[in-house]
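Subject: Structure handover

Hello,

Here is the structure I promised to pass on. Please open it next to this message. My notes follow below.

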Amino acid sequence: MSKLAAYPVDKESVMVDKYTFTLPELYREIAKEELRETDQVRDVAMTQMREWIIRNKYIHKCRTDALFLLRFLRANKFSVPMACEALERYLAVREMYPGWFKHIDIMEPATQILLKDGPVSVLGRDSAGRTVILIRMDLINADLVTPVQICRYLTLMVETMLESEEVQIGGLMLLIDYTGVAMKVFQDWGATELKIVMEAWTRCYPVQYREIHAAKLPKMAIPIVEQLLSFGSPKFREIIHCYTSVAEMQKHMEPSITPKKYGGTMEIDLNVVNKRFWDRMVEFEDVVTGLDKMEIDMDHYTEVWDKLNPDLMEARSFKNLIFD
């Protein structure tokens with residue numbers, strides 16, 4: 001499989017690619033009814049957002065291709081001002097905490113451990129167009145990987161998924177199985193780490209979470225998860241559903257994309273499912289690492305970020321950490 005090339009980021013030669021909607025009718029309907037997207041709205045919004053990026057003196061280098069801009073426009077129902085603010089948050093969080101969100105190498109040891117153990121599986125897309133992800137928490141070995149390394153692994157996966165228009169439009173449905181999880185997985189996460197990941201994954205990255213279902217959360221871990229959710233918005237907390245048994249969670253899983261272990265009819269082994277997404281991450285590796293070439297005015301955005309997140313000022317000490 002050949003790799004895709006990184007997109008240009010120089011504002012002197014802004015990329016204006018011709019966009020054509022090629023997805024199945026289901027996604028066209030979702031885009032129109034839920035995201036207010038039509039051909040005309042899309043074209044006008046992308047033009048306005050490109051012009052805003054060009055004029056913004058605090059953004060020095062940035063992707064301006066259609067697929068990248070649509071991440072933010074679709075996540076904000078084509079409100080150009082909100083999409084522009086979302087882009088700024090995304091660029092800022094990457095620069096504030098590069099040890100978490102930048103310079104990610106698919107071959108770094110911790111990422112290889114997580115890819116091998118396979119705690120996160122992208123099962124496929126359900127009948128509602130959502131990309132369904134199964135997270136098996138017992139497969140995270142907290143003796144070998146740290147919270148920051150887990151976040152880097154997830155960043156690699158999310159950045160790869162966001163290159164898919166089906167994910168941009170249909171969003172994600174998360175299924176989290178806590179059966180057999182080791183308590184060390186929770187104990188390693190302090191308040192600062194929890195705040196950073198919640199801020200990043202719910203406010204800075206343009207991910208649309210449709211539903212989150214979780215089962216068998218250990219009682220001792222409840223305070224930690226409650227603290228994590230306290231950093232999220234009320235709207236985000238509304239989509240989270242917790243169950244005392246995996247059987248209850250299975251009721252929300254479509255059989256055709258559900259492993260047999262979880263009561264489904266999916267014939268493909270999860271190791272094969274994980275290998276397929278690994279291949280996709282390799283295909284998009286240069287595209288994802290190319291994001292590191294984007295640049296912003298750090299003095300300006302540091303001041304803005306600190307005003308918005310005063311409790312995270314100390315956490316920026318993480319930004320100079322280097323991971324083997």
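How many nonpolar, polar and charged residues does the lining of the second largest pocket have? The count is eleven nonpolar, four polar and seven charged. Bear in mind throughout that the model is predicted.

**The second largest pocket**

Its volume is about 800 Å³. The lining of this second largest pocket has 22 residues, and Ala 75, Thr 202, Val 207, Gln 208 and Lys 235 are the closest to its centre. Two or more lining residues come from each of α1 (25-35), α4 (80-96), α10, β5 and α12 (234-238). The largest share is that of α4, with four residues.

**The largest pocket**

This one holds about 1000 Å³ of space. Its lining is made up of 40 residues. Nearest the centre of the largest pocket lie Ile 135, Leu 154, Ile 176, Tyr 178 and Leu 228. By class, 38 lining residues are nonpolar, one is polar and one is charged.

Which elements build the lining of the largest pocket? At least two residues each come from β3 (131-136), α7, β4, α9 (184-187), α10 (191-204), β5, α11 (222-230) and β6. The largest share, seven residues, belongs to α7.

**The strands**

Next, the strand pairing. Strand β4 (residues 172-177) runs parallel to strand β5 (residues 209-215), and six bridges join them. Opposite Met 173 stands Glu 211 in β5. Strand β5 also pairs with strand β6 (residues 240-243), again in the parallel sense, over four bridges. There, Ile 212 has Ile 240 in β6 as its bridge partner.

**The cavities**

How many cavities of 30 Å³ or more are there? The count is three.

The largest cavity has a volume of about 50 Å³. Its lining consists of Arg 94, Phe 101, Lys 102, His 103, Ile 104, Thr 155, Glu 159, Val 288, Thr 289 and Asp 292. Both α7 (147-161) and α15 (285-290) supply at least two of the lining residues. By class, the lining of the largest cavity has three nonpolar, three polar and four charged residues.

The second largest cavity contains about 40 Å³ of space. Met 173, the residue opposite Glu 211, is part of this lining. Five residues of the lining of the second largest cavity are nonpolar, two are polar and two are charged.

**Helix α2**

Last, a helix to look at end to end. Helix α2 (residues 39-55) has 17 residues. At 1.5 Å a residue, they should span 24 Å. The end C-alpha atoms of α2 are 25 Å apart, which agrees.

Which residues of α2 are buried? They are Arg 42, Ala 45, Met 46, Met 49, Arg 50, Trp 52 and Ile 53. Seen down the axis of α2, these buried residues fall within an arc of 160 degrees, so they line one face of the helix. The spacing has a plain background: an α-helix has 3.6 residues a turn, so residues three or four places apart point the same way. Gln 40 and Arg 55 are exposed, on the other side of α2.

Best wishes

Methods: Residues numbered from 1 in each chain as written. Predicted model: local features only at pLDDT ≥ 70, side-chain atom pairs only at ≥ 80, totals over all residues. Heavy atoms only, no water. Pairing = 2+ DSSP bridges. 1 Å grid on protein atoms, 1.4 Å probe; cavity = no way out; pocket = protein on both sides within 12 Å on 5 of 7 lines; lining within 4 Å. Points joined across faces, edges and corners; volume = space filled by probe spheres on them. Nonpolar A, V, L, I, M, F, W, Y, C, P; charged D, E, K, R; others polar. Expected span 1.5 Å × (residues − 1). Buried < 20%, exposed > 50% of the residue type's maximum accessible area, 1.4 Å probe, protein only. Arc of directions from axis to C-beta.
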